[in-house]
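Visitor: I would like to learn how to read a few features of a model. Please take them one at a time.

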Amino acid sequence: MNPPDKYSRTAIALHWLTAALIMAGVVLIWLVDYVPDEQVRRVIDTHKSIGITVLGLAICRLAWRYTHRPPALPSTYARWEHRASGLAHGLLYALLFLLPLSGWLHDSAWKDAGTHPMEIFGLFNWPRIGWVMSLEPGLKESLHTALGMVHTACGYGLYVLLTLHVLAVVKHQWIDHEPELKRMLP
Ligand code: HEM
């Protein structure tokens, strides 16, 4: 049994694994403009593999969240903080799905998807989304552009929410002197 003021070990593992993979995937995309040309495909392919892994973890996290009640927020937190944390966590969950799904759709609408099969970490093939690949080329190109913009917008949303998330932890842990981090540490 985990203490009532702490997340379960599985929830903690899923949280930090997802966080580490998201950071790695984002850093790779930031680096893509600075790596030699012959490395670009490898960097983007690793980004895609990480993103699909995050999608798998997001499904596990949501399933765990629905079957295991998270610890209640401390009663010392203000009402607006309860509301803000519920909203921020809900939006973060939404992005955990929207980012990989928009990336996967964007990649499936890529004109060269047919000749460049997608592999997960070079280990096995990962399917593209068939109905997107079979669209008429002009429509597919427009969809590719639009989904790229959705993916980018979700990325910016993630930067904003992650910053707020970290600032909230800093406030509770070091300004209000609440044992905030302990809730999400083994
Ligand atoms: C948690 C998962 C993911 C996160 C956080 C993420 C984040 C990002 C970010 C921030 C960008 C840069 C957007 C820009 O500034 O224009 C990007 C680009 C991109 N992402 Fe993702 N992504 C994820 C998953 C995926 C997946 C699953 C795929 C494909 C299967 C994918 C394919 C791409 C592609 C093709 C690009 C454009 C790369 C380029 O040509 O420069 N992403 N992603």
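Visitor: Is Asp 107 buried or exposed?

Guide: Buried means under 20% relative accessible area, exposed over 50%, and partly exposed in between, using a 1.4 Å probe and protein chains only. Asp 107 has a relative accessible area of 7% and is therefore buried. Note that this is a predicted model, in which local features need pLDDT of at least 70, side-chain atom pairs count only at pLDDT 80 or more, and totals for chains, interfaces and linings use all residues. Residues are numbered from 1 along each chain as its sequence is written, and side-chain values use heavy atoms, with hydrogens and water left out.

Visitor: Which residue forms a salt bridge with Asp 107?

Guide: A salt bridge is a side-chain nitrogen of Lys or Arg within 4 Å of a carboxyl oxygen of Asp or Glu. Here the partner is Arg 128, with the closest N and O atoms 2.6 Å apart. Asp 107 belongs to helix 3 (residues 79-108) and Arg 128 to the loop between strand 2 (124-126) and helix 4 (130-133), so this pair ties together parts 21 residues apart in sequence. Helices (H or I, at least four residues) and strands (E, at least two) are DSSP runs, numbered from the N terminus. Arg 128 is buried, at 11% relative accessibility.

Visitor: How many salt bridges does the structure hold?

Guide: There are 6. One of them joins the side chains of Asp 45 and Lys 48, at 3.9 Å from N to O. These two residues are 3 apart in helix 2, which means a separation of about one helical turn. Asp 45 is partly exposed at 33% relative accessibility, whereas Lys 48 is buried at 14%.

Visitor: What about Asp 112 and Lys 111?

Guide: They also form a salt bridge, the closest N and O atoms being 3.5 Å apart. Lys 111 is exposed at 59% relative accessibility, and Asp 112 is partly exposed at 27%. Salt bridges that share partners join Asp 45, Lys 48, Asp 107 and Arg 128 into one network.

Visitor: Which residues coordinate the iron atom of the ligand?

Guide: Donors are N, O and S atoms within 2.8 Å of the metal (3.2 Å for Na, K and Ca); water is not among the atoms, so sites may look incomplete. His 47 (NE2) and His 151 (NE2) coordinate the iron atom of the ligand at 2.0 to 2.1 Å. His 47 lies in helix 2 (residues 37-67) and His 151 in helix 5 (residues 137-175), so the pair ties together parts 104 residues apart in sequence. His 151 is partly exposed, at 21% relative accessibility.
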